[in-house]
Amino acid sequence: MLEIFQYDFMQKAFITGILIAIITPCIGVVVVLKRLSMIGDSLSHNSLAGVAAGLAFGLNPILGAVLFSIAAAFGIDRVRKSFPRYSEIAIAVIMSTGIGLAGILSGFVKNSANFNSFLFGSIVAISDFELYLVIGLSAIVILAVIFLFKELFYITFDEEAARLAGIPIKSINFVFTLLTAVTISVSARTVGTLVISSLMVLPVATAMQIAKSYKQTVVFAVIFALIFTLSGLSISYYADFKPGGTIVLVGILTLICVLIYKNVLSKAIVKRAIRCHNHN
Amino acid sequence: MKRVMVGFLCLILVLSVMILSGCSNNTIDNQGSGSGKKISVYTSFYPMYDFTKKIGGDKINLTNLVPAGTEPHDWEPTPSDMVNLEKADVLIYNGAGMENWIDKVLNSIKNKKLITVETAKGLKLLDNSDKSEDLMYDPHVWLNSMLAKQQMEAIKNALVTADPSNKDYYEKNYADNAKKLDDLDQEYKATVAKFKSKDIVVAHQAFGYLCEAYGLKEVAIEGLTADSEPSPARMVEIVKFAKENNLKFIFFEELVSPKVAQAIAKEVGAETAVLNPLEGLEEDDIKAGKDYFSVMRENLEVLKKALE
């Protein structure tokens with residue numbers, strides 16, 4: 001057996017990494033196309049407010065984080081309706097709400113422990129319970145994405161047409177928002193905010209450069225996410241880097257390579273076209 | 001345009017009324033506190049607070065700036081803290097880089113009569129062995145009870161300067177507590193002498209002075225604050241170290257997430273336990289009567305279980 005798999009924590013890191021890499025881009029495709037790329041950051045700031053509220057009112061802080069994250073996701077959905085063409089306004093409004101609430105609520109916490117430590121997540125420090133949680137979550141998300149594939153595709157591009165086609169957009173949107181919020185808040189505590197919010201966007205952005213259809217984008221995004229996570233984890237193990245940052249930077253480098261490749265390719269096509277034209 | 005101007009003026013008016021009323025509140029406050037004779041003393045965080053309380057007793061009005069249970073590394077003062085410091089007589093802090101906010105605060109207050117005490121000043125400081133942080137020295141001096149004694153002496157001297165009328169009271173309290181610190185030191189020496197192993201794995205590098213004083217060796221899981229994660233290679237290093245030395249316990253702190261310590265402990269089949277660096281104490285614990293001495297003895301018990 002390879003040395004890297006000899007440790008229990010690395011095995012868990014790889015299993016969790018693979019699952020997160022499969023489910024996050026599935027949600028990420030819809031999120032990016034709805035122009036909500038920053039939703040990961042927004043929801044994690046609201047999770048922090050949830051931890052503060054939980055501690056202030058004697059609730060379980062983790063439960064508080066999940067509830068606030070769900071409320072924030074629905075808040076974004078609602079604000080987005082008021083500014084249909086500027087989705088990023090909704091993200092910014094809800095993010096500021098979260099930061100503001102966290103600041104004020106933290107003042108009510110008597111035994112103000114270190115808030116961040118409740119949200120601390122690292123892919124190399126995952127407990128058994130969290131592993132099972134991620135397995136259960138992944139099953140739900142994968143099933144939802146497979147069964148609602150056509151519906152999600154419709155509401156992503158044109159809610160109006162979706163309504164005319166007889167798709168219950170309200171309930172589909174409800175399910176999707178709920179899934180997004182739970183996925184982000186659970187994974188943020190498990191693998192860290194950085195990994196989850198970048199896996200939501202980076203693989204999708206890379207896939208969009210080369211895919212020719214919606215379905216291809218989803219499939220390529222999952223493949224890219226798997227490449228980022230698995231190579232990022234291995235590199236961080238052998239090179240003594242922080243795992244979260246390594247995964248993200250592998251993603252960025254891949255995206256840059258794909259962009260350069262596409263640029264060179266399209267120039268070559270144009271050149272060839274000009275040459276053919278001159279010959280004629 | 002006119003309407004905008006009028007609205008703007010109204011806003012300024014409302015704001016200035018609010019500021020003025022805030023100021024007048026403060027002056028009332030001032031008069032209120034001026035009538036008491038006790039000196040008002042502020043401390044930066046828990047060990048400083050506890051030491052000062054032991055010496056000042058009921059002769060001083062003592063306030064701790066960093067609230068119970070908060071990491072003193074990432075605290076910042078509120079406006080009312082600043083207002084209070086403007087009116088304070090004595091400010092006691094650890095120094096050596098523990099309170100990274102102290103220079104900014106000291107530069108921005110104009111309180112001329114304020115006596116500031118940097119208790120770690122003049123002590124023999126250990127170099128910071130964690131190069132990833134920009135701290136020059138390891139600031140956690142109070143965990144060596146002999147250095148804590150010197151810190152207490154500096155606090156006593158400051159209180160005597162600020163309030164000479166109660167000199168005898170402060171001197172007596174200092175002598176009592178210095179004796180208790182000597183006892184604690186002896187207890188540690190006697191217990192550690194019986195330890196079979198001298199290696200401990202801790203969450204963050206806080207126990208350098210304790211280890212130096214009693215011949216222990218600490219291995220810290222790198223920079224383990226809530227928002228930094230260890231690299232897998234570092235974790236493997238610690239796992240190997242723990243296995244080779246047959247460690248039974250991996251230590252973590254109350255104020256830091258235990259997840260990494262738990263992952264490592266599970267890997268090597270060890271247990272986790274709290275080793276408290278006393279950077280803060282929760283309010284419930286303070287109410288339950290815990291203090292520097294009781295927590296230091298708890299730490300000794302935990303070390304005994306792990307190393308004997």
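In chain B, the side chains of B:K156 and B:E171 come together in a salt bridge, with N and O 3.3 Å apart; the term denotes a side-chain nitrogen of Lys or Arg within 4 Å of a carboxyl oxygen of Asp or Glu. B:K156 belongs to helix 5 of chain B and B:E171 to helix 6 (residues 167–193), so the pair ties together parts that lie 15 residues apart in sequence. Helices here (H or I, at least four residues) and strands (E, at least two) are DSSP runs, numbered from the N terminus. B:K156 is buried at 6% relative accessibility, whereas B:E171 is partly exposed at 28%. These words have set limits: buried means under 20% relative accessible area, exposed over 50%, and partly exposed in between (1.4 Å probe, protein chains only).

The model is a predicted one, in which local features need pLDDT of at least 70 and side-chain atom pairs count only at pLDDT 80 or more, while totals for chains, interfaces and linings use all residues. Residues are numbered from 1 along each chain as its sequence is written, chains are lettered from A and ligands numbered from 1 in the order in which they are written, and side-chain values use heavy atoms, with hydrogens and water left out.

Over all chains, the structure holds 21 salt bridges. Side chains of opposite charge can pair when their charged atoms come close. One such pair is B:E212 with B:K124, at 3.5 Å from N to O. Distant parts of the chain are linked by this pair: B:E212 sits in helix 7 (residues 208–214) of chain B, and B:K124 in the loop between strand 4 (115–118) and helix 5 (145–162), 88 residues apart. B:E212 is partly exposed, with a relative accessible area of 43%, and B:K124 is exposed, at 63%. Another salt bridge joins B:K290 and B:E298, whose closest N and O atoms are 3.4 Å apart. Here B:K290 is partly exposed at 24%, and B:E298 is partly exposed at 34%. A network of salt bridges links A:D8, A:K12 and A:D128 with B:K266.

Charge also gathers on the surface of chain A. A:K267, A:K271, A:R272 and A:R275 form a patch of positive charge there. Patches are made of residues with over 30% relative accessible area and no salt bridge, like charges being joined within 9 Å and nonpolar side chains (Val, Leu, Ile, Met, Phe, Trp, Tyr) within 5 Å. Of this group, A:K271 is found in helix 13 (residues 243–279) of chain A and is exposed, with a relative accessible area of 59%.

What lies around the buried residues of chain A? A:N46, in helix 2 (residues 39–56), is buried at 4% relative accessibility. Beyond neighbours within four places in sequence, A:N46 is in contact (heavy atoms within 4.5 Å) with A:F68, A:A72, A:I94, A:M95, A:T97 and A:G98. A:L137 is part of helix 6 (residues 128–147) of chain A and is buried at 9%. Not counting residues up to four places away, A:L137 touches A:I23, A:V182, A:T183, A:V186 and A:S187.

In chain B, B:E283 lies in helix 10 (residues 283–287) and is partly exposed at 31%. B:E283 and B:P67 are 216 residues apart in sequence, and 8.7 Å separates their C-alpha atoms.

Definitions and conventions: Accessible areas come from the Shrake-Rupley method with a 1.4 Å probe; for residues, only the protein chains shown count as cover. Lys and Arg count as positive and Asp and Glu as negative; His and the chain ends are not counted. The place of a charge is taken as NZ of Lys, CZ of Arg, CG of Asp or CD of Glu.
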